[in-house]
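Here is a short report for a first look at this structure. Start with the view below, then read on.

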Amino acid sequence: MSFFKRLAYMFGSHKQVKVQASSSGLLVTLPIAAKRTQTAKITAKIIEGTDPQLIAVSVVSRAGFPENHKLVRKALEYNAGKQRVALCLSDDCEPPALDAILCVPIDPHDEHAPIEIWDVMVEVAAVADNLERQLSSTDEL
Amino acid sequence: MSKWDPQFKSPRVELLQPGVSPADLDSGVQSTDEKVVLGCCDTVVKLWADSRTDIPRGRLEGSFRATEAQRQPVAQLSIETQIIRRRIEPRREPARQDAINDRPLPTGSPLALVPIEDAAFPPETVTAIHRLPGGESISGCSDCDSKGNNPCTACEETGQILCSACRGQTRITCERCGGRGLLIYPNGTFACPNCVRTGSLPCGACGGNGRTRCAICSGNGYRTCGTCDGFGRVINFHVLISDTSTQRESQIHLTTEWPVDVPWLMGDMETIWAEDVELEVSRGRVAAFDTNQYSPPISPRMLEQLRGAIEDAITTGSVARTQVVTARAVRFRVDGCYLHRVAYSLNGKPAPDSIYIGGLSNHIQVGSLHENSKTATAWAQRPLHGLLRAIGLVESTGPTSSFKKRIKDKGGKVHLLDTNTVVVDAVEGLGLTMDVTDIGYCVRGHANIPEFTVELTHDSKEGKLVVGFIGFLGTAYREHFAPALLMGKHLTFGRIGLVMNQGTGTLEFRLFDTRRYDDLNKESYSVVLRYLLDTATPRIRSRIGK
């Protein structure tokens, strides 16, 4: 069983979690709070020259769309904090979207790797959801 | 600073731990770079490291080298003060006879009435009571107004009290039928044969009277006075109560204040001098302590410290009161050994800290403290965590309480960091050098230019240690804000952040990366660092940096 299949199987075993697998990664929709869900995209790429072989697992979750330049600056200032999750702009849509992202090096053969990715996913989704709520209410971070 | 004693050349054990004489205690710090001494320190530290489970075996081989050694004598002064607290109390006893000793007490001083016992320095407080001869008198007993007895309050002088069994009711409830007078069976109801259907029985305890004889006064209605035992008169006399206890205290004396706790030395010193001092008592107070009471062959400086410590101990026990309190005897001992501070290098680079070696028989304890830090910051690094633990500065859960207190008193912060050397190993694995700072590491690149810093901080929200990477990217201009945020999506590790340079007031882009310490190992953090340095930094600088 490949690493992504293992992830999909594990995450899909939760009743409230929806998992969509594709060739590029996983789309996981998970509950964040009461009546609120968040979708996270999980992708991975091999890190060359590592022994044991490590992969860089990236978890991205969409927070919303910044409608002015102030939010761009605030997102950059947010990145200067001590939290693990970063904010970035995604230009795969128009207008560019604000995403929460975290990338971690993982040993895919480590039995705890799925749990670590789950933790990362929850953390990223929580940040994105929090931002999404703030953007929808006051348009301020 | 004097030169190293030239005679200080002998085999290893003697070299590091020669006998200490009282005169040596006045010696200052000696330093040397003699190869014999340094080689000895080398061997001792390596042997010590090999004996510890928290330092990989052979870790120091080929990399550790003692570069300079200093030593100074350390003395532990232990003082025991026997404190005698005496007081005179009046007492009474029944006047069974008329003969009394009515001569006045020979003196009013509790110390002079009864000879002082030999100094025993008891481990726990001992109380002795002496009846004083003389000063006796006979008087009527005030407790019974000289009657010899007192009315019994329990029975109010009647000699009888209510029966506790029937409470004065003269009858008790029949236990067999529960007071119903009837016994109920499945086949019918029958009269109780025990009480003959009355439900109660005459009280056996009082014989149906409802009252019994008062047990306290035996039915007399009065009680013999306990003070005069019925004589109506008492003899007044005095007793001397003497409490003897021992107060103990220890002090460590070093010529120079080295930043190291030395409690681990206490059990590992040789006794070089000990003396008892009998103190004279005058008018209920301890006479002035006279250092001429003894003439030990001890150094002037140590003598001065000794005298101060003993006078402190005496003062504690010589509070003058009407009822005299006094310290009566003092005994003390001086233990000593040499404490060594060894500067060293690891892999040819001078270490910013020192190693301390002390004790007897090369029962070596090694300790280290980061001394270059302006604050009293303690670091737990390889192998310093083990060293710090060895000297009691830190324990598995963090700094010890005594060390915290010292830090609190002297200022500064305590960081207990990188105990598994993940960061150090990863940085060194990339061929980079680093300096320890107050909050982490400042890593230098190949041209010895500061490349980035790694901060190790405690995330109070999650309760975990967090490893933060901060690299300088360049001045930030507004037109680069959006491109910088767009680049973040394409970075494998790290994020671009915007900070205000407090010194210049300009905005700067910096490369940040935050990891949980528990999630990292040397390999994974090497991957992250390599990417941040070799890929992310040049790419970002080429696009949005200056």
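## Ground rules

A contact means heavy atoms within 4.5 Å. This is a predicted model, in which local features need pLDDT of at least 70, side-chain atom pairs count only at pLDDT 80 or more, and totals for chains, interfaces and linings use all residues. Residues are numbered from 1 along each chain as its sequence is written, chains are lettered from A and ligands numbered from 1 in the order in which they are written, and side-chain values use heavy atoms, with hydrogens and water left out.

## Chain A

Chain A has 141 residues, and 45% of them count as buried. Buried means under 20% relative accessible area, exposed means over 50%, and partly exposed lies in between (1.4 Å probe, protein chains only). Among contacts in chain A with a separation of 6 or more, 53% come from residues 24 or more positions apart.

Three helices and six strands make up the secondary structure of chain A. Helices (H or I, at least four residues) and strands (E, at least two) are DSSP runs, numbered from the N terminus. Read from the N terminus, the order of elements in chain A is α-β-β-β-β-α-β-β-α. The accessible surface of chain A is about 7,400 Å², and carbon and sulfur atoms hold 53% of it. Such areas come from the Shrake-Rupley method with a 1.4 Å probe; for residues, only the protein chains shown count as cover.

## Where the chains meet

The size of an interface is often given as the accessible area lost when the parts come together. Buried area here is the accessible area (1.4 Å probe) that two parts lose on being put together, summed over both. Between chain B and chain A about 2,600 Å² is buried, with 64% from carbon and sulfur atoms. On the chain B side, B:L485, B:K489 and B:R495 lose the most area to chain A, together 27% of what that side buries. In terms of contacts, 30 residues of chain B touch 34 residues of chain A.

There are 11 residue pairs in polar contact between chain B and chain A, both residues at pLDDT 80 or more. A polar contact is a pair of N or O atoms within 3.5 Å; within protein, one must be able to donate a hydrogen and the other to accept it, and residues adjacent in sequence count only if both atoms are side-chain atoms. Which elements of chain B give two or more residues to the side that touches chain A? They are β25 (450-459), α8 (481-487), β27 (495-500), β28 (507-516) and α9 (522-544). The largest share, six residues, comes from β28(B). By class, that side of chain B has 15 nonpolar, seven polar and eight charged residues. Ala, Val, Leu, Ile, Met, Phe, Trp, Tyr, Cys and Pro count as nonpolar, Asp, Glu, Lys and Arg as charged, and the others, Gly among them, as polar.

## Salt bridges

A salt bridge is a side-chain nitrogen of Lys or Arg within 4 Å of a carboxyl oxygen of Asp or Glu. Over all chains, the structure holds 23 salt bridges. Three salt bridges cross the interface of chain B and chain A. One of these pairs A:R84 with B:D519 at 3.4 Å, N to O.

Another pairs A:D99 with B:K489 at 3.6 Å. This pair joins two chains, because A:D99 lies in strand β6 of chain A and B:K489 in the loop between α8 and β27 of chain B. A:D99 is buried, at 2% relative accessibility. B:K489 is partly exposed, at 23%.

Within chain A, A:D92 and A:R62 form a salt bridge, with the closest N and O atoms 3.4 Å apart. The two sit 30 residues apart: A:D92 in the loop between β5 (86-90) and β6 (97-106), A:R62 in strand β4 (residues 54-64). A:D92 is exposed, at 56%, and A:R62 is partly exposed, at 31%. A network of salt bridges links A:R62, A:D92, A:D99 and B:K489.

## Inside chain B

B:T127 lies in strand β4 (residues 126-131) of chain B. Its side chain makes a polar contact of 2.7 Å with that of B:D243. The C-alpha atoms of B:T127 and B:T244 are 6.4 Å apart, although 117 residues separate them along the chain.

B:R71 belongs to strand β3 (residues 64-94) of chain B. Is B:R71 buried or exposed? B:R71 counts as buried, at 3% relative accessibility. The side chain of B:R71 is in polar contact with the side chain of B:Q30, at 2.6 Å.
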